[in-house]
Amino acid sequence: MMMDWEEEERIRQEKRERRRRLHDKLAKNGRTDVDRRQDKSGTKSNQDDLQNGVNSSHQYEDQDQAMLEKKQVASNINKQKSSKQKPVMKKAKQKPKWGLSKFNIKGKANSKKQKQLVTSNQGMPPVKKIKKSGPTNWKRMVLLLLPFVIILIVAGYYASPLNHVDSITVEGVEDTESVNLYPLNEGMSVTDLKNSKGEVEQAIVNQNPSVKSATVNVSDWNKVAVNVSAYRQLGYIQIADFFYPLLENNEIIDTPLPSLEKELPLFEGYDIANEDQRAKLTETVKALSSLSDDIIQKISFVTYTGDESNTDRIALQMVDGNVVRGFISSIGNRMSYYNGIASQLDGQTGLIDMEVAIYFTELNDGNNPYASEEDKKAYDESVAAESSAASERAASESEASELDDSSSDSASESTDRSSNGSTSASDDESASSGEASQVESTDAQAASSNAETDATSGNSVVDSGSE
């Protein structure tokens, strides 16, 4: 009985020792596995590994319990044999070998199980990586596909009708059809139009002499509006049987018109083929461009009247019947006061001279720049005839006064022959009276001629305050 107890005690100690070593190995393996799983998978995988280790430890304890029971059965059999054959020492020597070999076999089995556990644990992270690699792959796919999607959207916009001009409207001018809009046209790319907007606007200005500036605006994706600012038209110039619009920038529009379409002046007397007169036309347009539309519309004709003596003269035929005469260099400034001058005339019409100062006089064929040469010649002849008739009347009046003086002298001589002294005195008196009457007749003649000159000219100075 004593041997059985010692044998059982020894087996218990060996079991405790194996259990302690097993727990140490499991703890060591568990720590290494936990470190690996923390680096790869995280806290959750570590907890799974620890749980597997605990389960394996419980499994090992069950195996040890089964082995202990087997040993007890074997020990009972050995006791029965030992009581018949040999002392306990041989059995004691054999039992440690058997138990030691058994322990080694169990250790190999445990190492195999640990290897299997390690290999199974090593197989777990790839499964978890596959689960976590799903979102990463989707992100990569999105990043790879995003440029292609953007390219498809841009290509779709370029090919769609939204990228092509649908309609074009012109604003700012009355005759919109006469404006050349090239290279702008319907169907062109809106993107190309936006990129070359400045070039298109400059091309429109260069192709249309009447256009001062042009602005292109795109609205509602593909609708284009062209806002045009045109030069003001000052009048017309006649070439052969047609009329051509004349702009304030001295450009002549190459659009022949059979008649005047607007109430604007007609420029006459300028030979545009002559460089000197073409330069005078440029000066005239520049001078009149400073006038308001109200005054421009009151002018019927602008006539160049320059000659060899003075090449700067100009005449304006007004709608109200007045005629203005002046110089090109100063006509722009002085015509700005025309409305005030016309209001002072109270409906009278005549010649407004603006060459040196502003004067108003009656209009006749002699001072009218629009009178024909025949009318001017006839007027000069009539003036010369009137002046000669006036001089003849003055001469006849002087002769009549001389005859009266001579008859009075003869009467005084016949009546006063009685005395010499009285006769001489009467002769002296008659001589003196004849001289006085001759002086009086000369003064009357000069006064009459001055009156006729004033009546013919009829000059009057316009108040300078009207300016």
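Predicted model: local features only at pLDDT ≥ 70, side-chain atom pairs only at ≥ 80, totals over all residues.

Let's start with Y158, which has 41% relative accessibility and so counts as partly exposed. On this scale, buried means under 20% relative accessible area, exposed means over 50%, and partly exposed is in between, using a 1.4 Å probe and protein chains only.

Residues are numbered from 1 along each chain as its sequence is written, and side-chain values use heavy atoms, with hydrogens and water left out.

Back to the tyrosines. We pair rings of Phe, Tyr and Trp (for Trp, the six-membered ring) if their centres lie within 6.5 Å; planes under 30 degrees apart are stacked, over 60 edge-to-face, and the rest tilted. That gives 3 aromatic pairs. In one of them, the ring centres of Y157 and Y158 are 6.2 Å apart and the planes sit at 75°, so this pair is edge-to-face.

W221 counts as exposed, at 57% relative accessibility. It also has a positive phi of about 70°, although it is not a glycine.

N250 shows a positive phi as well, about 70°, and it isn't a glycine either. Look for N250 in the loop between β5 and β6 (266–268). Is N250 buried or exposed? At 15% relative accessibility, N250 counts as buried.

Now, the wider view. The protein chain has 11 helices and 12 strands. Of its 467 residues, 28% count as buried. The chain exposes about 30,000 Å², with carbon and sulfur atoms supplying 53% of that; accessible areas come from the Shrake-Rupley method with a 1.4 Å probe, and for residues only the protein chains shown count as cover. As for contacts (heavy atoms within 4.5 Å), take those between residues at least 6 apart in sequence: 52% join residues at least 24 apart.

T169 sits in strand β1 (residues 167–171) and is partly exposed, with a relative accessible area of 38%. Not counting residues up to four places away in sequence, T169 touches V224, A225 and V226. T169 and A225 are 56 residues apart along the chain, yet their C-alpha atoms are separated by 4.8 Å.

Next stop, the loop between β1 and α4 (190–195), where we find P183. Y182 lies in that loop too. What kind of peptide bond joins Y182 and P183? It's a cis bond, with omega about 10°. Y182 is exposed, with a relative accessible area of 56%. Leaving aside neighbours within four places in sequence, Y182 is in contact with A203, I204 and Q207. From Y182 to A203 it's 21 residues in sequence and 7.3 Å in space, C-alpha to C-alpha.

Last, the largest pocket. It holds about 880 Å³ of space. Of the 30 residues lining it, the closest to its centre are D175, S178, S210, Q233 and K262. Which elements give two or more residues to that lining? They are β4 (233–239), β5 (242–247) and α7 (293–296), and β4 has the largest share, with 3 residues. By class, the lining has 15 nonpolar, 8 polar and 7 charged residues. Here Ala, Val, Leu, Ile, Met, Phe, Trp, Tyr, Cys and Pro count as nonpolar, Asp, Glu, Lys and Arg as charged, and the others, Gly among them, as polar.

For anyone wondering how a pocket is found: on a 1 Å grid over the protein atoms alone, a pocket is an open set of points where a 1.4 Å probe fits, with protein on both sides within 12 Å along at least five of seven lines, and lining residues have an atom within 4 Å of a point. Grid points are joined across faces, edges and corners, and the volume is the space filled by probe spheres set on the points.

Definitions and conventions:
Helix = DSSP H or I, 4+ residues; strand = E, 2+ residues; numbered from the N terminus.
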